[in-house]
Amino acid sequence: MYEAKIKALGLEIPEAPKPLAAYVPAVKINDLVFTAGQVPIKDGKLMYEGKVPTDITPEEAQKAAEICAINCLSAVKSVIGNLD
């Protein structure tokens, strides 16, 4: 259900990116999933970094936030199996 809606939006949930440091990207405790360290990594590359509007534009920051949210969903999916 959720994964179909995400796909209908033209988005894809990739495999969760590898953490950049020594932390666990997601952990499930009972019925809750906690995530941490989600940065705008796509295809193994950090896509955006810096301050808005000094280093990146507001539009780039919005795209970075979208990538972070997708990576968060990837991390959640990695611990629960699917988003449905």
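Visitor: Leaving aside neighbours within four places in sequence, which residues is serine 74 in contact with?
Guide: This is a predicted model. Serine 74 lies in helix 2. Set aside its neighbours within four places in sequence, and its contacts are Ile13, Pro14, Glu15, Ala16 and Pro17.

Visitor: Is serine 74 buried or exposed?
Guide: Buried means under 20% relative accessible area. Serine 74 has a relative accessible area of 2%, so it counts as buried.

Visitor: Which strands do the buried residues of helix 2 pack against?
Guide: Start with the buried residues themselves. Among them are Ala64, Ile67, Cys68 and Ile70, as well as Ser74. The buried residues of helix 2 pack against strand 1 (26-29), strand 2 (32-35) and strand 3.

Visitor: How far apart are the end C-alpha atoms of helix 2?
Guide: Helix 2 has 23 residues. At 1.5 Å a residue, it should span 33 Å. The model agrees, for the end C-alpha atoms are apart by 33 Å.

Visitor: Which residue just after helix 2 takes a positive phi?
Guide: Look just past the end of the helix. The phi there is about 100° and positive, and the residue is glycine 81.

Visitor: What pattern does the protein follow along the sequence?
Guide: Count the elements to begin with. The protein has two helices and four strands. Read along the sequence, they give α-β-β-β-β-α.

Visitor: In strand 2, which residue is the bridge partner of valine 27?
Guide: Strand 1 and strand 2 pair in the antiparallel sense, over four bridges. In strand 2, the partner of valine 27 is phenylalanine 34.

Visitor: Which residue takes a positive phi in the hairpin of strand 1 and strand 2?
Guide: This hairpin has two residues between the strands. The positive phi is near 55°, and it belongs to asparagine 30.

Visitor: Is aspartate 31 buried or exposed?
Guide: Aspartate 31 is found in the loop between strand 1 and strand 2. Exposed means over 50% relative accessible area. Aspartate 31 has 77%, so it counts as exposed.

Visitor: What distance separates the C-alpha atoms of aspartate 31 and proline 53?
Guide: Along the chain, aspartate 31 and proline 53 are 22 residues apart.

Visitor: Which element gives the largest share of the lining of the largest pocket?
Guide: The largest pocket has a volume of about 290 Å³. Of its 14 lining residues, the closest to its centre are Pro14, Ile41, Lys42, Ile70 and Asn71. Two elements give two or more residues to the lining: strand 3 (41-42) and helix 2 (58-80). The largest share, five residues, comes from helix 2.

Visitor: How many charged residues are in the lining of the largest pocket?
Guide: Sort that lining by class. Six residues are nonpolar and two are polar. The number of charged residues is six.

Visitor: How many charged residues are in the lining of the largest cavity?
Guide: About 80 Å³ of space lies in the largest cavity. Of its 13 lining residues, those closest to its centre include Pro17, Tyr23 and Gly37. Nine of the lining residues are nonpolar and three are polar. The number of charged residues is one.

Visitor: What share of the residues of the protein count as buried?
Guide: Take the whole chain now. Its C-alpha trace spans about 40 × 35 × 20 Å along the principal axes. Of the 84 residues of the protein, the share that counts as buried is 18%.

Conventions: Residues numbered from 1 in each chain as written. Predicted model: local features only at pLDDT ≥ 70, side-chain atom pairs only at ≥ 80, totals over all residues. Heavy atoms only, no water. 1 Å grid on protein atoms, 1.4 Å probe; cavity = no way out; pocket = protein on both sides within 12 Å on 5 of 7 lines; lining within 4 Å. Points joined across faces, edges and corners; volume = space filled by probe spheres on them. Nonpolar A, V, L, I, M, F, W, Y, C, P; charged D, E, K, R; others polar. Expected span 1.5 Å × (residues − 1). Buried < 20%, exposed > 50% of the residue type's maximum accessible area, 1.4 Å probe, protein only. Contact = heavy atoms within 4.5 Å. Pairing = 2+ DSSP bridges.
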